[in-house]
Structures are given as structure tokens and as C-alpha cells.
Amino acid sequence: MIFSYSASTPASPSILYHDYCVYYDIIAPPVTDFDRIGQILHVSADMLDHRINEQVVNWNAPVSMTVVLRSIDQYGCTVNYLRRLKRNSRAVAQHLRAHVIFARSWSQNCTVPHTSMRSDAAECEKPEVTLEQVALYPANLARNVARMFSATKYIIITDYEHLFNEGFETTVRMVADTRLAEKPQTMLVYRIFEIDEKVTVMPRDKAELEKLYDSGNAVVFHSKYYPGKELTLFKRTVIKYDRANWEPQFVSHWRIPFHDETFPFQLRDNTVL
């Protein structure tokens, strides 16, 4: 892994990481909360919206997020949106650390054109995304960048719109303080569910989730796409990950290996660990 500093730093410090320019800490909390679990998150600039505020409020702990630009012209609108969000959201100001990446080939020495730097757009437009752009989206590289600039002892690898029940971070952190201290290479695996879009109030605990599950408004993640044996969280049975298309979700120590950046997006990109 080779880092080199760019010749120009117009708004935030920047580095060159492989074939990507990285502007890190576009926004960052005033203090570091090292002993907590930090979310590691990524999103494309055209998908960045109010949902990130909801996710940070829900987590109520550190979040390190990489925003992937689909063109260098999105730099200004992305920075504008993040800084406005920090001004307007106490949770974001307290917890969110955000970074921006774009392809090295789009710029000389990772500089950003003045036209994009001076953009007054409040947020980025949402153009049609091509199949090629989806295929080339650098999910694991974006995760690794978010991990480089996170500042917590423990990390949890998440996706956009990934919400948790109340008290999850506090409860799991107590387990991590014991189990991961004994075996730092251990991962604390948890299961996630998909909630029907018609549900307006997210479940706050397992009891509420069970009601949605029984009514068919919540399903085990990927179960609609990868049908197989039905699993349940509620009978205290052991849930085995015995299919390759199940992607484990986990909490770990920050020192675990980086994600394999050669794995394509949406193809077991988290399972490589």
C-alpha cells in the first residue's frame, strides 16, 4: 500500500491511494471516541441524501463514511451537502467523519477544477447510472478508505440504510470488550433483516421485529433473492452460515485485514474476510 500527498489541497487534506484521489475528513467530529464501535460506510454521491442523517442518529456513535464520486463535477455539491448537514444536525456534527474519493485519471495531481470547487449546488443531481458504473463501483476500496480514517477500537461494516435496534452499540461493545480482548481476530456476527417499504416505523427491539417477521413485513436479508431454508432469530437456535451467498455481518477489532479490493461490487464483497 503506497500513499503520496497531492500537490494541491484546496479544501481538505488529500492522498493518492492506488488509482483514487482521497479527500479525507471533509467533515469530522471535534473529538475522538476511540473505545466505541465505529460504523464503516460507503455511498455514491448521487445517492447521498437525508438517509445518512437518519443512519447517524440511529447509530448514535462514530461513523466513518466514504462518498464515491461518479464524476469530478460532483465534488463541490458533495462537499456543500456534507457541510450543510453538519451545521444542521447535532448527531452528524458529533459522530460523522466523511471522505470523498474519485478516479485519479480524472484529475492532474488530484486537484479539483475551480468550477466544481465553487459550485453552489446544495446537493448533487441524480443522473441515470449505467450498468458499467454499477459494475465498476469500488465498494471494497471505499470501505478500506473509511477504515483508514476511522478512529475507533472496534468497527462494524455496514451499508446505506442499515439501521439498528436501540442499544445495539452499547450492548455489543460490552461483549466486544471481553471477547475481542481475549481473541482480537474474532468477529461478532449478527443477522440482519429487510423491512417492507410500507412499514413507516422501524422496529426498536427484537420483540417488535418478531411481530413484523410473523406478519411477513420483515424477512431475513437476501431470503427473497436467495431462497432456501428459513432461519429465525427468535427461537434462540444457532444460525449457521452454510451457504456461500449469505454475507456475514459482523463487529470486529479495527486491526482485521482490509477488504480485497479486487472483488467486484455486489458479489460477496464482504465475505472475502
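**Exercise 1. Work out which hand the link of Cys77 and Cys124 has, and where its two ends sit.**

Step 1. Start with the S-S bond: the link of Cys77 and Cys124 has 90° about it, and that makes a right-handed disulfide. Keep in mind that you're looking at a predicted model.

Step 2. Now find the two ends. Cys77 belongs to helix α2 (residues 74-88), while Cys124 sits in the loop between α4 and α5 (131-136), so the bond ties together parts that are 47 residues apart in sequence.

Step 3. Check the bond itself: the S to S distance of Cys77 and Cys124 is 2.0 Å, which is within the 2.5 Å cut-off for a disulfide.

Step 4. Are these two cysteines buried or exposed? Both Cys77 and Cys124 are buried.

**Exercise 2. Find how many disulfides the whole structure has, and describe the one that holds Cys21.**

Step 1. Searching the whole structure gives two disulfides.

Step 2. Cys21 is joined to Cys110, with 2.0 Å from S to S.

Step 3. Cys21 is in strand β3 (residues 20-27) and Cys110 is in the loop between β6 (96-103) and α4 (114-117), so the pair ties together parts that are 89 residues apart in sequence. Cys21 and Cys110 are each buried.

Step 4. Count the bonded cysteines along the chain, and you get the pattern 1-3, 2-4.

**Exercise 3. Classify the aromatic pair of Trp59 and Phe164.**

Step 1. How many aromatic pairs are there? The count comes to nine.

Step 2. Trp59 and Phe164 have ring centres 4.8 Å apart and 55° between the planes, and the pair is tilted.

Step 3. Trp59 lies in helix α1 (residues 51-59) and Phe164 in the loop between β7 (154-157) and α7 (168-182), so the pair ties together parts that are 105 residues apart in sequence.

Step 4. Trp59 is buried because its relative accessible area is 4%, under the 20% limit. Phe164 has 9%, so Phe164 is buried too.

**Exercise 4. Now do the pair of Phe193 and Tyr213.**

Step 1. Here the centres of Phe193 and Tyr213 are 6.0 Å apart with 90° between the planes, which is edge-to-face.

Step 2. Phe193 is in strand β9 (residues 193-195) and Tyr213 in helix α8 (residues 206-215), so they tie together parts that are 20 residues apart in sequence.

Terms used: Residues numbered from 1 in each chain as written. Predicted model: local features only at pLDDT ≥ 70, side-chain atom pairs only at ≥ 80, totals over all residues. Heavy atoms only, no water. Helix = DSSP H or I, 4+ residues; strand = E, 2+ residues; numbered from the N terminus. Buried < 20%, exposed > 50% of the residue type's maximum accessible area, 1.4 Å probe, protein only. Phe/Tyr/Trp six-rings, centres within 6.5 Å; stacked < 30°, edge-to-face > 60°.
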